[in-house]
Amino acid sequence: MNQSGDNGFNQILTAAKERRGDLSVDTMIVSSHLSQMRMFMLRRGIEFYAEQDSYGYRKEFLAKVCEQNMLDMKLDSIVDYFLCDGQGLFYFRPSGDDYQLLYFPKENYRAYRDQEGNLSSVILRYTFNVQENKGFDNYPTNTQRGGKKKYIKLQVYKDRIEQTISDEKIEFENSLGGPQVSLPGQVETLTNSLGFIPAVEIYNYMDCTGEAAGNGEFEWLSNQIMYHNELVQNVRKNLKFFGNPTLISSRPKQDIIESGDENTFRPTISSQAGFSAIGRSSTRVSEPFGGASMLDGQIRVPRVIANLEPTDRISYLTPDSVSGDQNMYVKQYRQEIRLALGGVDDLDFQAAGTAYEIKTLYGRVAATAEKKARAMFTYGLCRLFALMISHEERMFNESFSVAIGLEKPVIPLIEDYPNPEEYQKQNEKYRKNFAKYERLKNEALNAILEGGEMPPGVTGLIPDGSTQVDWRWMGEVFEDSSDEILQNSIVVRNLQEAGVGSIEALKYLFPSKTDEERSAMLSGFPFRVVQQTQQSISQFIGLLGNLYQLPHPQTPDKPLASDPNLDITGFLYRSLDYLRKELSYSGKYKPSSNDTGISKLSDADIRRSGLGRAVRDERTPDIPGLTDGPGTSGSGLPGAGPGSAGFGTSAGQQSVAGGVPGAERKFEYKQPLPGPGSFLGVSDANTSGTYPGSVGFGSPNPAASPVFGSPDLQSPSFNPGLSAAGLPAAAGSSGGVPGAANAGSAGKRRVPKSNQRRKS
């Protein structure tokens with residue numbers, strides 16, 4: 001498609017996503033399909049719940065997060081952006097006692113992954129407004145509501161978050177397509193208290209190769225949509241031009257068309273009353289249908305045309321502005337596009353005549369919308385909520401230990417011990433103390449959960465095994481009638497009489513509920529099932545009594561029940577087991593809490609992050625030919641790692657004296673490959689703890705690390721008055737040293753919901 005076609009198609013998508021009426025768009029295919037997908041993806045509302053919730057607090061927590069972020073009000077716009085862009089990103093951030101949940105469209109974020117496919121860093125940007133001050137700004141950018149627009153950029157890593165706030169628009173790339181070297185604004189580095197990246201990326205129409213990128217809903221049909229837009233535009237032009245009838249007459253034009261006064265103006269109250277100015281006649285309208293002025297921009301034909309001759313002919317000609325073939329073609333073309341998108345054209349029901357057929361026809365729409373809802377909720381919001389629950393459980397463990405007076409041992413850092421033997425001794429001591437700490441904490445927690453009350457000051461959620469979160473619709477688009485509900489209940493009763501368990505049979509009556517909720521619903525007494533089961537047991541017992549009374553035909557001295565082939569004891573056991581199961585339904589417990597696969601920092605790196613140091617245990621990408629260099633596993637070339645020359649070997653690698661020529665193979669599970677099309681994050685230059693000099697100087701401790709001069713004007717070592725972003729240090733930046741802004745609060749942690757107690 002040419003450049004003008006791309007601009008026109010992007011204009012159609014922008015008008016649909018942002019709901020802008022000032023853009024010239026004639027086709028309604030995009031808006032109609034988005035409206036249909038919204039209706040079937042959201043239906044009567046979305047409810048999130050934890051698949052395992054023994055204490056009932058997880059459901060309340062998820063409902064509170066959704067309510068505080070007004071998620072149900074934002075889902076309509078999120079669906080539009082997700083379908084049009086093809087991908088998006090959910091991000092949350094702890095904010096005081098709550099969580100701030102945000103969604104970023106495709107053009108407002110960049111996500112980079114490691115070799116395992118996990119997020120290694122995320123770059124976000126958005127705008128916000130501030131109250132307009134009374135000072136004089138050099139470049140004022142006022143909004144419509146009187147505020148001043150600000151731009152913010154967040155670079156989120158597992159150990160830190162770098163915030164940049166600027167008055168100028170922040171771009172990811174420069175005009176040449178390369179990354180931005182420096183950004184104007186105030187930079188602040190914060191510690192990421194979570195230990196992981198709280199973001200989940202979602203895709204629409206994923207490529208068959210894997211998690212490369214999502215494709216937009218309408219991109220592959222852009223030519224067809226633009227052609228339909230042109231067809232509709234031509235139809236509108238024809239209606240506007242040929243819509244008014246044409247007057248055909250054999251008389252002269254001046255005899256038929258009334259001449260209007262050029263100085264006419266809108267009548268006023270005084271002129272309607274008969275008053276007029278000197279030298280100007282009154283504008284009072286005396287005609288029954290208004291004056292002779294052309295109010296609608298068209299010419300005026302008098303109601304009565306006199307002095308007609310027998311040969312005069314006057315009539316109106318009404319042309320066919322839109323032919324039937326043209327109308328049918330536009331209609332069929334719209335239906336084909338909607339069919340290709342997986343929807344149904346609501347304006348035409350040629351294949352449906354009854355209500356059941358219409359409901360069945362919309363099954364295609366429901367199937368398409370369910371796939372997209374699963375991509376957005378199951379693989380998006382549910383995983384994000386699972387990360388929230390795991391963080392809440394971590395806060396519970398920490399606050400519970402503090403509340404009961406149990407001190408958590410501090411993990412030793414290897415950089416604090418010059419002697420490796422001393423570090424090994426301290427590390428072994430830490431492991432013993434930590435095992436003792438976990439044992440005492442679990443014993444105290446079990447004692448409180450059995451019959452005690454939760455001590456004050458405990459926050460978060462009680463650890464409850466699996467943290468997996470699921471979703472469901474709160475109501476269907478087509479609600480079931482009373483007759484349909486009755487028919488479903490009959491199906492459930494017939495299935496129970498056929499021997500199907502009640503939980504499995506109730507899926508037909510309550511399809512949106514979980515098995516645990518159906519088990520809770522069966523707390524009553526299923527009298528029909530119990531009655532039929534008791535009757536069957538009585539029949540088996542009566543049959544057994546008859547067998548004992550009748551003699552065996554082959555051995556008359558023994559009863560018929562003595563024959564092993566006629567033993568019905570197993571039938572009695574099975575009937576009793578079925579009755580016991582129907583009266584004792586209960587939920588299942590999932591002890592695993594690692595089902596979300598969180599890629600988080602180690603305990604040592606979490607402590608380093610709190611101290612403002614660089615992480616050490618986090619694995620960096622190691623791909624031959626891409627990340628070869630000093631200190632990495634190179635390809636064996638001189639100066640590129642441990643090869644035949646042995647240049648550039650780091651402290652943890654083999655020296656030249658002990659090296660053996662040749663390559664040592666790795667196992668495939670130790671060297672994973674990047675996902676197809678994924679962006680590998682290899683440019684995370686966190687120099688907060690070490691100075692990457694070419695000679696190898698530097699220390700893990702920033703205070704003990706020597707800093708040498710640099711010819712770069714943006715470098716703090718060359719110009720101490722500048723921070724890492726090129727701004728004066730007095731501007732609020734911490735001098736380019738991550739963690740310096742919060743070094744005084746390194747020992748503190750966020751404890752939300754301080755006034756809330758958890759009871760068992």
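## The main core

Phe 48, Phe 377, Leu 381 and Phe 385 touch the most other members of the largest nonpolar core, which has 72 residues. A nonpolar core here is a set of buried Ala, Val, Leu, Ile, Met, Phe, Trp, Tyr and Cys residues joined through side-chain atoms within 4.5 Å. Buried means under 20% relative accessible area, exposed over 50%, and partly exposed in between (1.4 Å probe, protein chains only). Helix α10 (residues 363-403) gives this core its largest share, 18 residues. Helices (H or I, at least four residues) and strands (E, at least two) are DSSP runs, numbered from the N terminus.

## Basis of the model

This is a predicted model: local features need pLDDT of at least 70, side-chain atom pairs count only at pLDDT 80 or more, and totals for chains, interfaces and linings use all residues. Residues are numbered from 1 along each chain as its sequence is written, and side-chain values use heavy atoms, with hydrogens and water left out.

Phe 48 is then in contact (heavy atoms within 4.5 Å) with Leu 62, Cys 66, Leu 71, Phe 377, Leu 381, Cys 382, Phe 385, Val 469, Asp 470 and Trp 471.

A separate second core has 14 residues, among them Leu 89, Tyr 109, Ile 152 and Ile 197.

## Two positive phi angles

Met 70 is not a glycine, yet its phi is positive, about 50 degrees. Met 70 lies in the loop between α3 (57-68) and α4 (71-85). Its relative accessible area is 49%, partly exposed.

Tyr 205 also has a positive phi, near 55 degrees. Tyr 205 sits in the loop between β9 (199-203) and α5 (222-242). Its relative accessibility is 36%, again partly exposed.

Terms used
Lists of a residue's contacts leave out its neighbours within four places in sequence.
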